[in-house]
Amino acid sequence: MDLVLKICDDLFLDNVWASLVPLSAFAASPEFISSVNSSSTFVPLTTASKWTQFVANLPHPPIPASHIASYTATQTLPHVSAWGRDYVPRQLFSLTAITLVGIHLLYFIIATFSYYFIFNHEMKRHPRFLKNQVRLEIMSSLKAFPGMMLLTLPWFQAEVMGYSKLYDGLDTYGYAYLIFSIPFFLVFTDYLVYWIHRWLHLPFFYKYIHKPHHKWIVPTPFASHAFHPMDGYAQSIPYHLFVYIFPIHRTTYLCLFVAVNIWTVFIHDSDMVTGHPLEKIINGPAHHTLHHIYFTVNYGQYFTWADRWGGSYRQPESALDPLLEIKKSNKVE
């Protein structure tokens, strides 16, 4: 997220913060006046608006000497924010806005695409498909996003403050490690997600945290993020934890983080296509469809190996396709 924050600062956030908390709002502060060269005459920059008066009372880091020197020489201040890029409150507010906007955009763009171009709409005629389910899934997701964002914010803030092992140079750890880090990330997070997901099915956690997500027996892509905030956060912990234990290229991590969310949408399209070559290796939509139907199978995120080792694997078969129930109910009618 530190990379995303830097990009947003460069593109527009520097200007946004310069307008919201301008350095000029503090030009009449005792701190600023006392810092100005004694040979200069202080001249108020503008008549203070109500917003400027409000901003002038906000906490802020020390005014940089370069800005004081600029005022001393020209009696003007640059159009910058008193809250610089390294100021933690600015970082927190920026990360909050970026995370909320980002997850909403990612969710609606990917889920909408999957819903209209991949999801089989015949599934909406399944006897266990709820009335107004798509709307309910979307509302559940929208309610979960703020809570998940607040729980995740400390991880992102720590990244920005440099506590993670994210790095920039492609050859910092060698190209072999750069390539290796991708499957390593997937295997590491998949195994941890498997156990977290499985623990969420223990009676206590299931009742209070994970049960809302299993309301969707026959999910649509919009169910991908429709869960209790603690549920979504708990299953995201491995992705954040990885970068504090193992080095990974900053851009690679960002791409993988986005891919994780896309995959999460993809496996919720209730697709039961079976018989493909990777079926026993990749935990795809068919596997996750069975998880929503039978609850205690196929806990994995990307691969089937953890389920195999844990004794919770169920092989997708055409005979288990929920579409068969639709055809059966049509015959009864």
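What is the volume of the largest pocket? It comes to about 1000 Å³.

## Getting started

Keep in mind that you're looking at a predicted model, where local features need pLDDT of at least 70, side-chain atom pairs count only at pLDDT 80 or more, and totals for chains, interfaces and linings use all residues. Residues are numbered from 1 along each chain as its sequence is written, and side-chain values use heavy atoms, with hydrogens and water left out.

The protein chain has 13 helices and two strands. Both are DSSP runs numbered from the N terminus: helices are H or I with at least four residues, strands are E with at least two. Of its 333 residues, 46% count as buried (buried means under 20% relative accessible area, exposed over 50%, partly exposed in between, using a 1.4 Å probe and protein chains only). As for contacts (heavy atoms within 4.5 Å), take those with a separation of 6 or more: 75% of them join residues 24 or more positions apart.

## The pocket and the cavity

Back to that pocket. The search runs on a 1 Å grid over the protein atoms alone: a cavity is a set of points where a 1.4 Å probe fits but cannot get out, while a pocket is an open set with protein on both sides within 12 Å along at least five of seven lines, and lining residues have an atom within 4 Å of a point. Grid points are joined across faces, edges and corners, and a volume is the space filled by probe spheres set on the points. The largest pocket has 50 lining residues, with Ile-103, Leu-106, His-225, Phe-257 and Asn-261 nearest its centre. H5 gives the largest share of that lining, ten residues. Sorted by class, the lining has 30 nonpolar, 19 polar and one charged (Ala, Val, Leu, Ile, Met, Phe, Trp, Tyr, Cys and Pro count as nonpolar, Asp, Glu, Lys and Arg as charged, and the others, Gly among them, as polar).

## Two helices crossing

Two packed helices are described by the angle between their axes and the distance between the axes. Helix H1 (residues 2-20) packs against helix H5 (residues 88-117) at about 110°, with the axes 11 Å apart. Axes here are lines fitted to C-alpha atoms, for helices over the stretch in contact, and angles run from 0 to 180 degrees between N-to-C directions. So H1 and H5 are roughly perpendicular (65 to 115 degrees; under 35 is roughly parallel, over 145 roughly antiparallel, the rest oblique).

On the H1 side, the residues that meet H5 include Val-4, Cys-8 and Trp-17; on the H5 side, Phe-93 and Ile-98 are among them. By class, this contact has eight nonpolar, two polar and three charged residues.

## Two threonines

Thr-99 sits in helix H5 and counts as buried at 13% relative accessibility. Skipping residues up to four places away in sequence, Thr-99 touches Met-1, Met-149 and Phe-156.

Thr-189, in helix H7, is buried with a relative accessible area of 0%. Leaving out neighbours within four places in sequence, Thr-189 is in contact with Pro-238, Tyr-239 and Tyr-302. Thr-189 and Gln-301 are 112 residues apart in sequence, yet 8.5 Å apart in space, C-alpha to C-alpha.
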